[in-house]
Amino acid sequence: MSGWFLPRHICCALIALLGMNVAVAGVIEVRVVGSDGQPVQNVAVFIKQAGVPSTAGETPEPVVMDQRDVRVVPHILIVEKGALVSFPNSDAVAHHVYSFSRPNNFVLPLYKGTPPAPVEFAHDGVVTLGCNIHDDMLGYIVVVDTPVFGLTDEHGSISLSVDDAASNYEINIWSPRIRDSNDPLVQSVSAIPADDVTFKLQKSLRPPHDGQSESVGWDEY
Amino acid sequence: MGRVLTTAILLAVLTVTATAAEIVDGHEAVFGIDAGYLSMSGHPSWTEGSVGKLRYQDDGVVLNRAFVDYNGRVADTLKVHIALEGYDDNLGSAIDFTQAYVEWRPLPKSDARYRLKLGAFYPRISLENVDPGWSSRYTLNSSAINTWVAEELRSTGAEFTISRRPASLGGAHTFSVNLAAFIGNDPAGSLLAWKGWSVHDRQSRFSDDLPLPPLPQIQPGMMFEAQDPYVEPFQEIDNKVGYYLNAEWQLGKKLLVRAMHYDNRAEPTAIEQCQYAWKTIFNHIGVQTTLPGDVGLITQWMTGSTVMGPVIDSAHAVDVEYAAYFALLTRTFDQHRVSVRYDHFDVSQNDETEEDDNSENGHAWTLSYQYSYSDTISLATEWLSIKTHHYGWVYYGLAPMATERQFQLTLRVRF
């Protein structure tokens, strides 16, 4: 009966080996709070594993950035480097979408209805989108060099899963409304489960561009 | 009645044209009609050669306007904009142009945008008239300021715009400068000085003859007998180029501020084809914002002067200063919109010319309710009251103080 068990010292060695080679996944909870203590929604959050380059792999299905009611919807989109983004036009009027954000700059022809072929975003960075006909239209695509990303919810929070709880991570946040810095704000964490990672902004937010107000018009015919 | 018929036929043709135009890619046309019932009280209308500040002087069913607003993309960065208005009145042809220009919008290579307009267009003043056909989004009748813009101002020339939305400010701020150089528009100021401010929905077209009141000084044997009994506001008289410079700041969808200096640089003693040149200069400020509770606030303020004729005792024969402002509050509730506007206006006089007292002051209240049944059809009802002191009205046997009122129930069709 006892011969069924492995000798104790071999058993210990095996456990040690497993501990070294098999990472334990973890969850990082990120929260963004404004200088007024209010949660900040729609902040792009992306987490990089320190010292580990991203392994942008297969090209996924195109992500959609719509043009609806003369607005870019969603106002902020976050995608991994190499992603394809398609730009349908749900309006009855034509749009002329462009970006001057090098090296991801692009121009789509004037169109309505069927969109042109999706655009590949091969470089990380923030891509500012506009419409050359409707100057007030504005959108952002945050292209990130990691598969771990998302946008904060109405509570200013997002939970992101990482592969290795024991590794060091670099947590980045970016929003056009954040005045503390135009580059992403960064915090590093080294132990998971750590406390929730909270970004407390020092400066008040810029007003949102995608306001829902219909009482007055902001774009002339 | 024949005129109504002509208008109707022309409108039918325009409808077909407009519908056909939409089929072709890159060409968009909006066709619109405002028509309904109207009831008013007050002095006989300026449009009939009198002094009343309203457009109509009889109760009844009216066809306020029919228009076609065409935007054609001749290339991805080149737009043609043509606006035609049809009116059932005797001030010009049934249908005529209000604006016609091409606009070049090169693709931005940085956060700076460059625009160039060439043709005939409205100077960048109104914050109300932002819908197709230069329609006000908020009321049926424009404010006193924008009614004057519609009556007498149109720039024929070039407008160059630089605007920047700096990335360093998170794209929240847009700064723009518009510089225009234009010819024509030398008689602008005639109506403001000799008739005064008005509140209505009529836009002057390029071949309109706008009636003046029977001013004592334009009668035979008087100082300005050479003046036609009407004004052609967009004529070139003195071959001098006018300009305006406008600066704008927009903060998200929260705040828009614009400020303009305008000078038509007219030669005040020039006259051609029975139309005088009036040197018209003004400054304009417009502010638009969203207040708490999603209430929109639009306010514009304008002050300036217009002079005409030889200098007599240190003032031109007609030398007036004018100012006006309004504040409009508006709120949408789903398909409903409620707007209220207060206008104040005045004209003061520096010259001593006899029998030409052009000074006036007054204010107006406008209450408007619109119901949008669909994108095509909306119904608007509007009550308007204008109280004015205008001393020169005694020349025409009219009381120098009047409260004019108008009630409208109007169907607005757009397709």
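Chain B gives 51 residues to the contact and chain A gives 34, contact meaning heavy atoms within 4.5 Å. This is a predicted model, in which local features need pLDDT of at least 70 and side-chain atom pairs count only at pLDDT 80 or more, while totals for chains, interfaces and linings use all residues. Residues are numbered from 1 along each chain as its sequence is written, chains are lettered from A in the order in which they are written, and side-chain values use heavy atoms, without hydrogens and water.

About 3,600 Å² is buried between chain B and chain A, with 48% from carbon and sulfur atoms; buried area is the accessible area (1.4 Å probe) that two parts lose on being put together, summed over both. Asp76(B), Arg165(B) and Lys253(B) supply 19% of the area that chain B buries against chain A, more than any other three residues.

There are 4 salt bridges between the two chains, each a side-chain nitrogen of Lys or Arg within 4 Å of a carboxyl oxygen of Asp or Glu. Arg115(B) forms a salt bridge with Asp135(A), with the closest N and O atoms 2.6 Å apart.

Turning to the backbone, most residues other than glycine have a negative phi, and most peptide bonds are trans. The bond from Val73(A) to Pro74(A) is cis, with omega near 0°, and a cis peptide bond also joins Arg102(A) and Pro103(A). In chain B, Gln273(B) has a positive phi near 50° and is exposed at 63% relative accessibility, where exposed means over 50% relative accessible area, buried under 20% and partly exposed in between (1.4 Å probe, protein chains only). Asp313(B), not a glycine, has a positive phi of about 55°; Asp313(B) is exposed, with a relative accessible area of 66%.
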